[in-house]
Structure formats: structure tokens, C-alpha cells
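The sequence and the structure come next, and a description of selected features follows them.

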Amino acid sequence: VDFRHPPAPLLSLMAGGAADISADFTYQVAPDRTFTVNQGPVTRTVVAGPAGEIGETSIINGIKFSGYISHDLKTLVMSTNSPTVETRTDEDGNILDYRICHRARTAVKIK
């Protein structure tokens, strides 16, 4: 592929974007400062990016994290345990696709 003039489908994959994301979650913390998070469903609405995707809303199910809390209680690190199949649906419940994803997060208390 000539990346100086990529074809339109590749341009869409290469494009940056932004989305509003919201989700409910539950969590459990163990005495050794490990924790688990069950997240979802995650609602994602595209607010910037390729013109055809702006306003698109999807819902992702099946995201679970495990993590650790630092000794000073100011940092959380978490990830999914292994690549997981996630189901993405539209607002009417129609399946859009299945994704195999691995996620990692770091949260730092700054005040």
C-alpha cells in the first residue's frame, strides 16, 4: 500500500477520532490491594472523525479488568486478563461486530 495516497477504506482505518463514552461498573477490592472491575455496557458515541461515523452510537459488552492499587493508594493499574471477545451492538440491539480486544488502563490521583 502506498501510504502517501492510501485507498479510501484504509484512510478510514487510519483516521483519528473522538467519542463520548459512558458506562456503569461494579468493582471488588481484595485485602492484598488487587481488584476486579466488571464494566458495561459501554455506550460510545462518535463526536469527531470520519464524516460518516460522526453521531454513530454503539454499545460494547464483555469488558472485565483486573488490577493493583499502589502502596500509597494514589495509582491504579489494570488490564483485561487476556484478549477477550467483545460484542458491539447498535442502540436497537443489532450486532454490529465482534472484537477481540486487550485493554490496559492507569489511573493516577493528582490532588
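## Salt bridges

Arginine 88 has a relative accessibility of 10% and therefore counts as buried. The model described here is a predicted one. Arginine 88 forms a salt bridge with glutamate 56, and the closest N and O atoms of the two are 3.5 Å apart. Because arginine 88 lies in strand β6 and glutamate 56 in the loop between β2 and β3 (57-61), the pair ties together parts that are 32 residues apart in sequence. Glutamate 56 is partly exposed, with a relative accessible area of 32%.

The count of salt bridges comes to 4. Another of them is formed by glutamate 86 and arginine 103, whose closest N and O atoms are 2.7 Å apart. This pair also links distant parts of the chain, since glutamate 86 belongs to strand β6 and arginine 103 to the loop between β7 (95-101) and β8 (104-108), 17 residues apart. Glutamate 86 is buried, with a relative accessible area of 2%. Arginine 103, at 17% relative accessibility, counts as buried as well.

Aspartate 97 and arginine 99 also meet through their side chains in a salt bridge, at 3.6 Å from N to O. Aspartate 97 counts as partly exposed at 23% relative accessibility, and arginine 99 is partly exposed with a relative accessible area of 26%. Salt bridges that share partners join Glu56, Arg88, Asp97 and Arg99 into one network.

| Residue with nitrogen | Residue with oxygen | N to O distance |
|---|---|---|
| Arginine 88 | Glutamate 56 | 3.5 Å |
| Arginine 103 | Glutamate 86 | 2.7 Å |
| Arginine 99 | Aspartate 97 | 3.6 Å |

## Overall architecture and confidence

The chain contains 1 helix and 8 strands. Read from the N terminus, its elements follow the order α-β-β-β-β-β-β-β-β. Of the 111 residues in the chain, 19% are buried. Among contacts in the chain with a separation of 6 or more, 45% are between residues 24 or more positions apart.

The average pLDDT of the chain is 84, and 85% of the residues score at least 70. Confidence is highest in strand β5 (residues 75-79), at a mean of 96, and lowest in helix α1 (residues 8-14), at 52. Where pLDDT is low, the predicted coordinates should not be read in detail.

## The nonpolar core

The largest nonpolar core consists of 8 residues: Phe35, Val37, Val42, Ile60, Ile63, Phe65, Ile69 and Met78. Strands β2 and β4 each supply at least two residues of this core. In soluble globular proteins, nonpolar side chains tend to be buried together.

With neighbours within four places in sequence left aside, isoleucine 63 is in contact with Val37, Asn38, Gln39, Val42, Glu86 and Arg103.

## Threonine 80 and its surroundings

Threonine 80 is found in the loop between β5 and β6 (84-89). With a relative accessible area of 3%, threonine 80 is buried. Its side chain is joined to that of histidine 102 by a polar contact of 3.0 Å. When residues up to four places away in sequence are not counted, threonine 80 touches Lys64, Phe65, Cys101, His102 and Arg103.

## Loop residues with positive phi

Arginine 33 has a positive phi of about 75°, although it is not a glycine. Arginine 33 lies in the loop between β1 (18-29) and β2 (34-48), and at 26% relative accessibility it counts as partly exposed.

Leucine 73 is not a glycine either, yet has a positive phi of about 65°. The place of leucine 73 is in the loop between β4 (63-69) and β5. Leucine 73 is exposed, with a relative accessible area of 60%.

## An aromatic pair

The count of aromatic pairs comes to 1. The rings of phenylalanine 25 and tyrosine 27 have centres 6.3 Å apart and planes at 40°, so the pair is tilted. Tyrosine 27 counts as exposed, at 56% relative accessibility.

Definitions and conventions: Residues are numbered from 1 along each chain as its sequence is written. This is a predicted model: local features need pLDDT of at least 70, side-chain atom pairs count only at pLDDT 80 or more; totals for chains, interfaces and linings use all residues. Side-chain values use heavy atoms; hydrogens and water are left out. Rings of Phe, Tyr and Trp (its six-membered ring) pair if their centres lie within 6.5 Å; planes under 30 degrees apart count as stacked, over 60 as edge-to-face and the rest as tilted. Buried means under 20% relative accessible area, exposed over 50%, partly exposed in between (1.4 Å probe, protein chains only). pLDDT is the predictor's confidence in each residue, from 0 to 100. Helices (H or I, at least four residues) and strands (E, at least two) are DSSP runs, numbered from the N terminus. A polar contact is a pair of N or O atoms within 3.5 Å; within protein, one must be able to donate a hydrogen and the other to accept it, and residues adjacent in sequence count only if both atoms are side-chain atoms. Contact means heavy atoms within 4.5 Å. A nonpolar core is a set of buried Ala, Val, Leu, Ile, Met, Phe, Trp, Tyr and Cys residues joined through side-chain atoms within 4.5 Å.
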